[in-house]
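Please look over the sequence and the model below before reading on. The briefing that follows goes through them topic by topic.

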Amino acid sequence: MLYGMATLDNGGRVCERRIMQALDWRPNQRLDVSLVQDAILMRPAPRGAGRVQSGRRASIPAPIRHWCLLSPGDRVLLVADLERDVLVVHSMTTLDRLVLAHHASVLGGDHA
């Protein structure tokens, strides 16, 4: 697993050079982009509706961005699962929820 942070640009694209190089996705490569629970999954697919943009930027379609309440300038956590050749995008809201739950278990008690 490889982790990185990125900022969503005005076109809904994200890029973190180290992750995109490790995945070795090329410009114009088709991607399947789906929403599973509160995570955005991106993976190569011959008939995928998404594409890798120039500069190895991965584009998150507008309906998925809107569902996840993502706007230009928002930071996201990128998780590359290199064995599965998949990129998982998590919003800061999801990251907050996961970290707060973990801290509650580590520190004891409820999280507010």
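**Briefing**

Asp24 counts as partly exposed because its relative accessibility is 39%, where partly exposed is the range between buried, under 20% relative accessible area, and exposed, over 50% (1.4 Å probe, protein chains only). The model is a predicted one, in which local features need pLDDT of at least 70, side-chain atom pairs count only at pLDDT 80 or more, and totals for chains, interfaces and linings use all residues. Residues are numbered from 1 along each chain as its sequence is written, and side-chain values use heavy atoms, with hydrogens and water left out.

**Confidence**

- The average pLDDT of the protein is 90, and 96% of the residues score at least 70; pLDDT is the predictor's confidence in each residue, from 0 to 100.
- Helix α3 has the lowest confidence, with a mean of 85, while β7 has the highest, at 96.
- Where pLDDT is low, the predicted coordinates should not be read in detail.

**Overall build**

- The protein has three helices and eight strands; these are DSSP runs numbered from the N terminus, helices being H or I of at least four residues and strands E of at least two.
- Along the sequence they follow the pattern β-β-α-β-β-β-β-α-β-β-α.
- For 112 residues, a compact globule would have a radius of gyration near 13 Å, and the 15 Å of the protein agrees with this; the radius is taken over C-alpha atoms, and the globule rule is 2.2 Å times the number of residues to the power 0.38.
- Along the principal axes, the C-alpha atoms fill a box of roughly 50 × 30 × 20 Å.
- Buried residues make up 38% of the 112 residues.
- Of the contacts between residues at least 6 apart in sequence, 57% join residues at least 24 apart; a contact means heavy atoms within 4.5 Å.

**The sheet**

- Eight strands form an open sheet with antiparallel pairing, in the order β1-β7-β8-β4-β3-β5-β6-β2; two strands pair if DSSP finds at least two bridges between them.
- β1 and β2 (13–14) are at the edges with a single partner strand each, so one side of each has no neighbour in the sheet.
- Six bridges join β1 and β7 in the antiparallel sense, and Gly4 has Leu78 in β7 as its bridge partner.
- The covered face of β1 holds Leu2, Gly4 and Ala6, whereas Tyr3, Met5 and Thr7 are on its uncovered face.
- Strand β5 (residues 50–53) pairs with strand β6 (residues 57–59) over two bridges, again in the antiparallel sense, and Gln53 stands opposite Arg57 in β6.
- Helix α3 (residues 92–107) lies across β1, β7 and β8, and runs at about 80° to β8; axes are lines fitted to C-alpha atoms, for helices over the stretch in contact, and angles run from 0 to 180 degrees between N-to-C directions.

**Nonpolar cores**

- The largest nonpolar core has 23 residues, of which Ile40, Met42 and Leu87 touch the most other members; such a core is a set of buried Ala, Val, Leu, Ile, Met, Phe, Trp, Tyr and Cys residues joined through side-chain atoms within 4.5 Å.
- At least two residues of this core come from each of β1 (2–7), α1 (17–23), β3 (30–36), β4 (39–44), β7 (75–81) and β8 (86–91).
- A second, separate core has six residues, among them Leu77, Val79, Val86 and Val88.
- Leaving out residues up to four places away in sequence, Leu87 touches residues including Ile19, Trp25, Ile40, Met42, Ala58 and Leu78.

**Two loop residues with positive phi**

- Most residues other than glycine have a negative phi.
- Asp24, in the loop between α1 and β3, has a positive phi of about 60° although it is not a glycine.
- Asp85, in the loop between β7 and β8, has a positive phi near 55° and is likewise not a glycine.
- With a relative accessible area of 28%, Asp85 is partly exposed.

- Ser34 lies in strand β3 and is partly exposed, at a relative accessible area of 24%.
- Apart from neighbours within four places in sequence, Ser34 is in contact with Ala39, Ile40, Leu41 and Ile64.
- Ser34 and Ile60 are 26 residues apart in sequence, with 9.2 Å between their C-alpha atoms.
- Ser91 is in strand β8 and counts as buried, at 10% relative accessibility.
- Not counting residues up to four places away in sequence, Ser91 touches Leu70 and Val76.
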